[in-house]
Amino acid sequence: MNAQSTPHEPADASRNAAAAPDADRRIPVTLLTGFLGAGKTTLLNHLLRQPQMAGSAVLINEFGAVGVDHHLVEKVDESLVVLDSGCICCSVQGDLVRALKGLFMRALRRELKGLRRVLIETTGLADPAPVIHTLMAEPFLSERYRLDGVVTAVDVTHALDQLAAHNEAVRQVAMADRLLLTKCDLASAEQRAAVAAGIARLNPGARQVEVAGGAVAADAVFGCGLYDPTGKLPDVAAWLGEEAVRAARQAPAAPAWSRARAQKSAPTHGAGAPADAESAASAAPARHDAGVTSFVLRFDEPLDWFGFSDGLALLLQVYGGRILRIKGLLNVVGDPLPRVLQCVQHSVYPASSLPAWPEQPPYDDRCSRLVFIVRELARDEVVSILGSFTGQEPDSGG
């Protein structure tokens, strides 16, 4: 791929590039991934306070019908884009491509104050492979953006169980350039060592960085260098090869010059790629475990905190192993501010509040909404428990 700047590059997009004539002046993109509850939004908030994030655009993707995570980001302005119509690994040729094209064109029209970097925070169930392939092979994107590393957050308090149960978690670790071991302040030395050894077997070449309280330096996230599957497990090249075949099958016929450019831009898989990549792609499993589902519960009346807490405790005690994530904002009796609720399996995060209720739908009506991401757990079971403790039966939807 030609690493020279394109003639339509937006102002300031390459200030972070070297001054040499052959410098790669494309806009660097960092992919921040990690399984549900790994603390990606907390990491993002720490990054946003650092000067290295000046001129950065942030894309946040969420899994579930109601977006929550972007309300927890401290700096929300015109450079933050929410991709809330589904997981980007499932709709990568749509939402992600449109969002990055839109950012570039806004920078070209001077609607953004210089576009120096893009950070994409994926949903916790995202498979990185289709996102990586698209960034490297889609012609418009690959000429204007360069994938400057995949950074995966790994929750040391839950990682080993998640890796054993979820293929998405394995791919997120195996495809990373950097591994951020989060919540180290909540884990013992033995637990941290066990997780470090486990993920090193999946990705021996990735640098591991221990993180406590979500505090991470910008240089631990940025500057990984142009993404290269070489040196990672052979599976990584195979996954990218499958995505190339899948993308070719879904794409409309392109002129010869476009196909040649795409082939030149695509990652080279070498001898590690399977000879029958096409058959492997056709037999590839669905993006997500069929047993994993998401639903939203809405409580129209303010909640009594103690009654709700007792119901939540019972829910997690009985079904915690099937609950991958709970997140949402609650209207609590006597509290004018929205209370943030976040849970992972049996664990409940410390309570916190936002400074004000969001003015955008759906939370502008100040109703409590919880997004559940579960595995083989019926919505009715959750409704039965929470309804009996809160005195109101929650509704579905946003």
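Glu143 is partly exposed, with a relative accessible area of 21%, where partly exposed lies between buried (under 20% relative accessible area) and exposed (over 50%), computed with a 1.4 Å probe on protein chains only. This is a predicted model in which local features need pLDDT of at least 70 and side-chain atom pairs count only at pLDDT 80 or more, whereas totals for chains, interfaces and linings use all residues. Residues are numbered from 1 along each chain as its sequence is written, and side-chain values use heavy atoms, with hydrogens and water left out.

**Salt bridges**

- The structure holds 14 salt bridges, a salt bridge being a side-chain nitrogen of Lys or Arg within 4 Å of a carboxyl oxygen of Asp or Glu.
- Glu143 pairs in this way with Arg144, their closest N and O atoms lying 3.7 Å apart, and Arg144 counts as buried at 13% relative accessibility.
- Asp177 forms a salt bridge with Lys232, with 3.0 Å between the closest N and O atoms.
- That pair links distant parts of the chain, 55 residues apart, since Asp177 sits in the loop between α6 (167-174) and β6 while Lys232 sits in the loop between β7 (207-210) and α8 (234-250); helices (H or I, at least four residues) and strands (E, at least two) are DSSP runs, numbered from the N terminus.
- Both partners count as buried, Asp177 at 17% relative accessibility and Lys232 with a relative accessible area of 15%.
- Arg26 and Asp24 meet through their side chains in a salt bridge of 2.5 Å, N to O, and Arg26 is buried at 5% relative accessibility.

**Surroundings of Val29**

- Val29 belongs to strand β1 (residues 27-34) and, at 0% relative accessibility, counts as buried.
- Leaving aside residues up to four places away in sequence, Val29 touches several residues, among them Val118, Ile120, Leu135 and Tyr145, a contact meaning heavy atoms within 4.5 Å.
- Val29 and Leu100 are 71 residues apart in sequence, and their C-alpha atoms are 10.0 Å apart in space.

**Confidence**

- The protein chain averages a pLDDT of 79, and 76% of the residues score at least 70, pLDDT being the predictor's confidence in each residue, from 0 to 100.
- Confidence is lowest in helix α10 (residues 277-282), at a mean of 36, and highest in strand β6 (residues 178-182), at 97.
- Over residues 253-286 the pLDDT stays under 50, and the model has 30 contacts beyond four places in sequence for this stretch.
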